[in-house]
Amino acid sequence: MILRRYDHFYFTFVTPVLIRLKKHIETDFSFLKDKKIIVAISGGIDSVVLAHLLLQLKFQISFAHCNFGLRGKASDEDQLFVEELAKKMNIPFFSIAFDTKNYAAKTGASIQMAARELRYTWFEKLRMENSFDFVSTAHHLDDNLETFLINFTRGTGLSGLTGIPPVNGTIVRLLLPFSKAEIEQYAKDHSITWREDQSNKETTYKRNKIRHQIIPLLKELNPQLIASFKKTTKYLNESQQIINDAAELVKKDIVTSEKKGSLKIDLQKLKKLKGTKVYLFELLKDFSFTEWNDIEDLIYAQSGKVIYSETHRLIKDRDHFFLEPRISQNQTSSFHIVKGQNTVVLENFKLRITETIASENTENNNVVKVDAEKLQFPLELRKWKNGDFFYPLGMTGKKKISKFFKDEKLSLLEKEKTWLLCSNNEIIWVVNRRLDDRFKITSSTNKTILIEYIKS
């Protein structure tokens, strides 16, 4: 089959599907007006129909095709088909080839997850490099039902049963209200041709097994399954919105600080709530946690216990939970400062070092003055370790850093974020907390160095 009359075809057919899509976009996607859209196109019926519809609605679109190299010659033929389609439609075309199997082996991901990571990473890169506004995928109502059933079998919470989100950042899914049958009928009515992916018929993957074995049985029980599911997702999304609103109110009360993917949660207030686990799920669901029973048990665990997700860690510290991004094993924990270096910049703060005239010591933790002649360069800025000790200014004798932290009632996260400024392995300053008495300026000091802690 050959696509026909591309020069005027797209603006001559006014169909119920086109009218519904136009109204759907005007109602729920009005932000797309005059935007540049990448259509993620495989060559299959769904994405080809999406391209036809958007072109009829006069959107400024481009094609982006991923060749995952999983079906040999067929994968290359898909790419050629989409490229030819783009030429006939006079649409800009972008493509990329991935070694998906190798990527999956390296990352430990399944083939499906590997392909998903590769394509969405590339879509975003393509979007940014070419000043596109959004990426549109061709997920539809039947895809949503399959996702619902997959999540249902996994024992997900309500949010996992609300289906595929219509908008996720710069990803938009315009066909979610439309069934597969409607898409197929549209393609038939307009003699649209597409490429069939034979792997979609295999039942090796869970989604295909649900598509070809489970859903047909459900349709025997209820021939109106798709329509019923559409109503159900509407009710579930409305219920989820009620939960979201309640969770936001609770969050304002029990989350005492929030920044850059970090939370501090008041456990005493959390314990007083009915449905503690539900609220914890709503607070933490976006941070890749899976062991929800363990998280609930963490409320009553001893201080210092930690639960990890792929991206974050949740720490019990006295009467609080601290949520923080996971620390990379390769993260630098030591810096050297050469003589004459004026500034050291870290992620959350910087140190400014300047020579000044001798004067009285300061008691401000953010600024210290030290005797320049007592320093041996290069200085070292490092994290603390067991066995470290110093001579706190204003005290007699030495004190272990661990004991100092305990007396200061520092949390585990505060300890981890504390830096030590050292000279010849001797601690000059527990940065932003206490100067070492050995380096203070005295009446015999001739030259002073001023060190300032400046929070970023």
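Predicted model: local features only at pLDDT ≥ 70, side-chain atom pairs only at ≥ 80, totals over all residues.

Q: How many bridges join S15 to strand S22 (residues 448–455)?
A: Strands S15 and S22 run antiparallel. Within this pair, Val370 stands opposite Ile449 in S22. The number of bridges that join S15 to S22 is five.

Q: Which strands are the edge strands of the open sheet formed by four strands?
A: The sheet has the order S13-S14-S22-S15, and its pairing is antiparallel. An edge strand here pairs on one side only. The edge strands are S13 (343–345) and S15 (367–371).

Q: Through which helix does the chain cross from S2 to S3?
A: Strand S2 (residues 60–67) and strand S3 (residues 93–97) run parallel and are joined by five bridges. In this pair, Asn67 stands opposite Ala97 in S3. The chain passes from S2 to S3 in a right-handed β-α-β crossover, and the helix at residues 73–89 through which it crosses is H3.

Q: Is Asn151 buried or exposed?
A: Asn151 lies in helix H6 (residues 141–154). Leaving aside neighbours within four places in sequence, Asn151 is in contact with Thr156, Gly160 and Leu161. Its relative accessibility is 15%, and a residue counts as buried under 20%. Asn151 therefore counts as buried.

Conventions:
Residues numbered from 1 in each chain as written. Heavy atoms only, no water. Pairing = 2+ DSSP bridges. Helix = DSSP H or I, 4+ residues; strand = E, 2+ residues; numbered from the N terminus. Right-handed = clockwise from strand over helix to strand, strands pointing away. Buried < 20%, exposed > 50% of the residue type's maximum accessible area, 1.4 Å probe, protein only. Contact = heavy atoms within 4.5 Å.
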